[in-house]
Amino acid sequence: MSFAALPSVDVGSLPADALLIDVREDDEWSAGHAEGALHVPMSAFVDRFGEVSEAVSDGRTAYVVCRSGGRSAQVTQYLVQQGVDAVNVDGGMMAWDGAGRPLVSDNGSATVL
């Protein structure tokens, strides 16, 4: 499956109750993330796959996000190959921030860049 064939969605079309899986690394997550997102860094994704499969066990779609959409596309491809209903978030957290969607951070001042 090529990345072009991956299911994807723009930030504005995300369902309000979307299960967002953020695959950015710890420092990126700490700088700013979507409240309620599940943080599973790409570098640890295979080892922590059980957390993701548990989160989608009720049939929910996993919306995968990174900084700009490249890493999340790779993880989305992996999830689809594992039989998970997964969708890549086009533009990643840069698009999220650009759309004015809320961010939270570990230090109280969220910045994605």
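User: What is a salt bridge, and how many salt bridges does the count come to by this rule?

Analyst: A salt bridge is a side-chain nitrogen of Lys or Arg within 4 Å of a carboxyl oxygen of Asp or Glu. Side chains of opposite charge can pair when their charged atoms come close. By this rule the count is three salt bridges. The model is predicted: local features need pLDDT of at least 70, side-chain atom pairs count only at pLDDT 80 or more, and totals for chains, interfaces and linings use all residues. Residues are numbered from 1 along each chain as its sequence is written, and side-chain values use heavy atoms, with hydrogens and water left out.

User: Are Asp22 and Arg24 buried or exposed?

Analyst: Buried means under 20% relative accessible area, exposed over 50%, and partly exposed in between (1.4 Å probe, protein chains only). Asp22 has 0% relative accessibility and so counts as buried; Arg24, also at 0%, counts as buried. Their side chains form a salt bridge at 2.7 Å, N to O.

User: Which residue does Glu28 meet in a salt bridge, and where do the two lie?

Analyst: Helices (H or I, at least four residues) and strands (E, at least two) are DSSP runs, numbered from the N terminus. The side chain of Glu28 meets that of Arg71 at 2.8 Å, N to O. Glu28 is in helix 1 (residues 26–31) and Arg71 in helix 3 (residues 70–81), so this pair ties together parts 43 residues apart in sequence. Glu28 is buried at 18% relative accessible area, while Arg71, at 23%, is partly exposed.

User: What about Arg48 and Glu51?

Analyst: Their side chains meet in a salt bridge of 2.7 Å, N to O. Arg48 is partly exposed at 27% relative accessibility, and Glu51 is partly exposed at 34%.

User: How should I read the strand order of the sheet, and which strands stand at the edges?

Analyst: Two strands pair if DSSP finds at least two bridges between them. Here five strands form an open sheet in the order 1-5-4-2-3, with parallel pairing. Strand 1 (8–9) and strand 3 (38–39) are at the edges with a single partner strand each, so one side of each has no neighbour in the sheet. Strand 2 (residues 19–22) pairs in the parallel sense with strand 4 (residues 62–65) over four bridges; Ile21 has Val64 in strand 4 as its bridge partner.

User: Which strands does helix 3 touch?

Analyst: Contact means heavy atoms within 4.5 Å. Axes are lines fitted to C-alpha atoms, for helices over the stretch in contact, and angles run from 0 to 180 degrees between N-to-C directions. Helix 3 packs on the sheet and touches strand 4 and strand 5 (86–89). The direction of helix 3 makes about 175 degrees with that of strand 5.
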